[in-house]
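This briefing covers chain contacts first and folds second. Keep the model open while you read.

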Amino acid sequence: MSQVLVNGVFLGCLFAVVAVGLTLVYGVMEVPNFAHAGVIVLSAYTTWSASAAGLPFALAALAGIACGALVSVLTEVLAYRWIIDRPAAAPAVALGLMLILQNVALRLYGGEGRSLDTPYDRVLLRLGGVSLSGVKAALVVLAVVSLLALHLLLSRTSLGRAMRAVAQDREAAAILGIPMRRQYALAFLIAGVLGGVAAIAYAPTFQVSPYMADEVLLSAFVVVVLGGLGSVWGAVAGGLVLGVVEGLGSAYLSPAYQSAFGFLLLVSILVLRPGGLRSTNARRVA
Amino acid sequence: MLDVHDLTITFGPTTAVRGVSLTAAAGTVTGVLGANGAGKTSTLLGILARAPRQSGRITFDGADVTGFDTGALVRAGIALCPENRRLFPNMSIEDNLLLGAYGTGRATRRTRLRDTYDRFGWVATRRAEPAGRLSGGQQQTVAIARALMSAPRLLLLDEPSSGLSPVAVDEVGAVLADIARDGTALVLVEQNVRLVRALCATAYVLAHGQVTASGPVPELLSDTAVSDAYLGTTA
Amino acid sequence: MRAHVTALGGAVGLSVLAYLLLTGLSGDQGQVALLVVVWTIALIGLNLIQGLGGYPNLAHAAFFGGGAYLSAVLLDTGLPMTVAALLAVAGVMAAGLVVALVFSRTRGQYFAIGTMFFTAVATLVFTNAADLTGGPNGRPVALGYSLEATVVLLAASVGVGLALFHWASVSRFGDRLRAIRADEDLAQHVGVPTSRVKLLAMVCSAGAAAWAGVLFGQYNGVVAPSQFTFGQSFLMFVALGLGGAGRLLGPAVGAAVVIGLTQLLTLGPGVSQIVLGVLFILVTLLAPEGVLGGVSALARRVRAARTGRADRSVRGEGAVA
């Protein structure tokens, strides 16, 4: 049982990292960023090709994260920025971007899955009666580190404060002279970095392919709804909850239908609280 | 100090402000009066580049700031305390205040924060509370304090008395009088005649997006132009 | 009156065109023609809830696949074709009702996410319930209708579907849907029975998709989960938006553009989808009402310029001095 829980926590950390990126962007720009799947995919491929080209893993990972950040900011600058006043057009643009990014990856690297080797592939930790592969442990560590860093950014820095403000009342933030475009770009930058972290953290477990992020993205959206669109801590809590739920369902009921449990959770939330678990009138970040 | 010349603001097919000109001298309190929908808020927003201007020249302290964006205007010394206060409800009072000084250095922010706490003692004791939990009058004070954090030389205020009890209005009035005494110029959009009478030396009356009257406050208020504007009869 | 005649004319014309294309083309081109026709039928349904009603519905591929799979399963039990078809459509419409009820209080982004997830789960079922669905490789469909009959049905469905959509669009139902798209809260305030209207639109759109799925299964003889993923739902969403959401011929234009691009452009894997993505973003930014919307806006401007010029000549301005 505890092994199942540990696996659930691992899954939850993955969901949390991806969901936080989604919810940040949503809080600041009201955009359901489907394109994030493409960001994760391109990050993973960058890490893979850097690693295949001979770079030490740490550098390859950094390259992947940098790629994620760059692609994410590009989606903002080239596309999302122009529909800032038309939130209804956001799903359409998001889908268009996802098509582009996934198929760019397909074009560059082909559709076959590639495996990503990491230095900690063969590590197996044993604590109590529970074992955790090196890859999964690395994910948990990376997730905790990056989320803590984000928390510090949001709560202690001027930029982070501004981002929280923009999510709560965009116009009031603008009136104070906060440069909006920079805030949008920053939200996407952070989301891209988190996407890159997610990519290198779980690419070794699943194969690197243009479609590797689809299921995770779906679950991440459930998390975002669970935690409340725009709430970072909601995304973290929701991620862990969903990870455990899916883990339990997968272990005790049916592994093939893992994401279906997430769907059931989503449906129950939406039926009971159409605005998400922690919905308030103001959108919140952190 | 502030010279607005021939300002026109349209939102799509609607013209909210039509050729409005007004001036506010340094160290004065200037009122902007008018009924709902007269274009008062749009005028303030237009000055701060938060509304699309079709025409108009804005001069501040002798310099032409027409092309400045909001950030540049705030840095130049103009601040706006918006209608309905618009504090960030789920952020602490301190965070709200710090945001008022966005873009300045950390040391400057801290100094100004300390000055704010010196001036408004009660705010200091509640600084960690979420701003949404304050009463209307308290929120208004914090909103003014937040605007002051950018050390403006001109403070625009959009109906600071709206939704407040008479006692709270008096408190806000006292705060504003204090600020004016310190030398900051104020442009006050208001519907509360008592507040206007107490604070403003001169005022403008807007109706249907245009200036229909202006001048020293005592004369203006006894003039039919003002009651016309409020009752909606054409000037 | 003229609008009705034009619409009916368009419906009949497209029907005939569909028939000609389906009977005239073969091989790869024939496959493209089939997909365009089938998608047109499905998208006519989507045009109700998404086009007129403004709800970003990403569940459509699930209903499409549901119709195909359900009819295949029912045919196996020995039911006559028409009965199986009708039951399949009814079954999917019931599913549409459930989905609509579950998401009846959700809107906008949440609705998109919820329906997207529904399709993902449907795909999971299609892939994993191997006894019924044949698993990831799909399953054959017993051919209840002859090829000629299927082609006639396909062509006729285009015409009938368009006519029905036109009728719905000009009726009070269409007005109510458009009111919901413009401002749902206001519509509710004013007394529009929004929940009922949305439910009806969703059920009808599911029915259209299911019928398209049944015919698709009949023509193709085989169905597989890869044709009914949430990626396909996205493409349907994109197709309708590209063509012109809410417009009568939007489904046809959209289907033609998307299928044409994905099937005919052989510039290498994925390039057509990249083009599609770019096109979709450009259309969303520049011509938010799709190709048809852009065309009609252009036509309006041309007409305005022409009448302007006519006015001036009447008034004597611009005349040679």
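Contact here means heavy atoms within 4.5 Å. On that basis, 44 residues of chain A are in contact with 38 residues of chain C. The model is predicted. Two pairs of chains are in contact, and chains A and C share the most contacts. Chains B and C are joined by no contact; their closest C-alpha atoms lie 18 Å apart.

**Interface between chains A and C**

- The size of an interface is often given as the accessible area lost when the parts come together.
- For chains A and C the buried area is about 3600 Å². Carbon and sulfur atoms give 79% of that area.
- Salt bridges between chain A and chain C number zero.
- One residue pair is in polar contact between chain A and chain C, with both residues at pLDDT 80 or more.
- Three helices of chain A, α4 (90–109), α9 (214–227) and α11 (258–272), each supply at least two residues of the side that touches chain C.
- Helix α4(A) gives the largest share of that side, 13 residues.
- By residue class, the side of chain A that touches chain C holds 33 nonpolar, seven polar and four charged residues.

**Interface between chains A and B**

- Here 20 residues of chain A are in contact with 20 residues of chain B.
- The area buried between chain A and chain B is about 1900 Å². Carbon and sulfur atoms give 58% of it.
- Which residues of chain A lose the most area to chain B? They are A:R161, A:I175 and A:L176, together 37% of what that side buries.
- Four salt bridges are counted between chain A and chain B.
- A:R161 also forms a salt bridge, with B:D95 as its partner. The closest N and O atoms of this pair are 3.5 Å apart.
- Five residue pairs are in polar contact between chain A and chain B, both residues at pLDDT 80 or more.
- On chain A, helices α6 (158–168) and α7 (170–175) each supply at least two residues of the side that touches chain B.
- Helix α6(A) gives the largest share of that side, seven residues.
- The side of chain A that touches chain B divides into 11 nonpolar, four polar and five charged residues.

**Six-stranded sheet of chain B**

- Six strands of chain B form an open sheet in the order β6-β7-β8-β3-β9-β10, with mixed pairing.
- Why is one side of β6 (78–81) and of β10 (210–216) left without a neighbour in the sheet? Both strands stand at the edges, each with a single partner strand, so one side of each has no neighbour there.
- Neighbouring strands are turned by 15° against each other on average, direction ignored.
- Strands β6(B) and β7(B) (residues 154–158) run parallel and are joined by four bridges. In β7(B), B:L155 is the bridge partner of B:A79.
- Helix α6 (residues 136–148) of chain B packs on this sheet and touches β6 and β7 of chain B. The direction of α6(B) makes about 165° with that of β6(B).
- Helix α7 (residues 166–181) of chain B packs on the sheet too, touching β3 (29–34), β7 and β8 (185–189) of chain B. The direction of α7(B) makes about 150° with that of β8(B).

**Four-stranded sheet of chain B**

- Four strands of chain B form an open sheet in the order β2-β1-β4-β5, with antiparallel pairing.
- The edges are β2 (14–24) and β5 (63–64) of chain B. Each has a single partner strand, so one side of each is left without a neighbour in the sheet.
- Strand β1 (residues 2–11) and strand β4 (residues 53–60) of chain B pair over six bridges, in the antiparallel sense. In β4(B), B:S55 is the bridge partner of B:T8.
- Helix α1 (residues 40–47) of chain B packs on this sheet, touching β1, β2 and β4 of chain B. The direction of α1(B) makes about 115° with that of β1(B).

- C:A208 lies in helix α10 (residues 194–220) of chain C.
- C:A208 and C:I44 are 164 residues apart in sequence. Their C-alpha atoms are 7.2 Å apart in space.
- Leaving out residues up to four places away in sequence, C:A208 touches C:I41, C:A42 and C:G45.

Technical notes
Residues are numbered from 1 along each chain as its sequence is written. Chains are lettered from A and ligands numbered from 1 in the order in which they are written. This is a predicted model: local features need pLDDT of at least 70, side-chain atom pairs count only at pLDDT 80 or more; totals for chains, interfaces and linings use all residues. Side-chain values use heavy atoms; hydrogens and water are left out. Two strands pair if DSSP finds at least two bridges between them. Axes are lines fitted to C-alpha atoms, for helices over the stretch in contact, and angles run from 0 to 180 degrees between N-to-C directions. Buried area is the accessible area (1.4 Å probe) that two parts lose on being put together, summed over both. A salt bridge is a side-chain nitrogen of Lys or Arg within 4 Å of a carboxyl oxygen of Asp or Glu. A polar contact is a pair of N or O atoms within 3.5 Å; within protein, one must be able to donate a hydrogen and the other to accept it, and residues adjacent in sequence count only if both atoms are side-chain atoms. Ala, Val, Leu, Ile, Met, Phe, Trp, Tyr, Cys and Pro count as nonpolar, Asp, Glu, Lys and Arg as charged, and the others, Gly among them, as polar.
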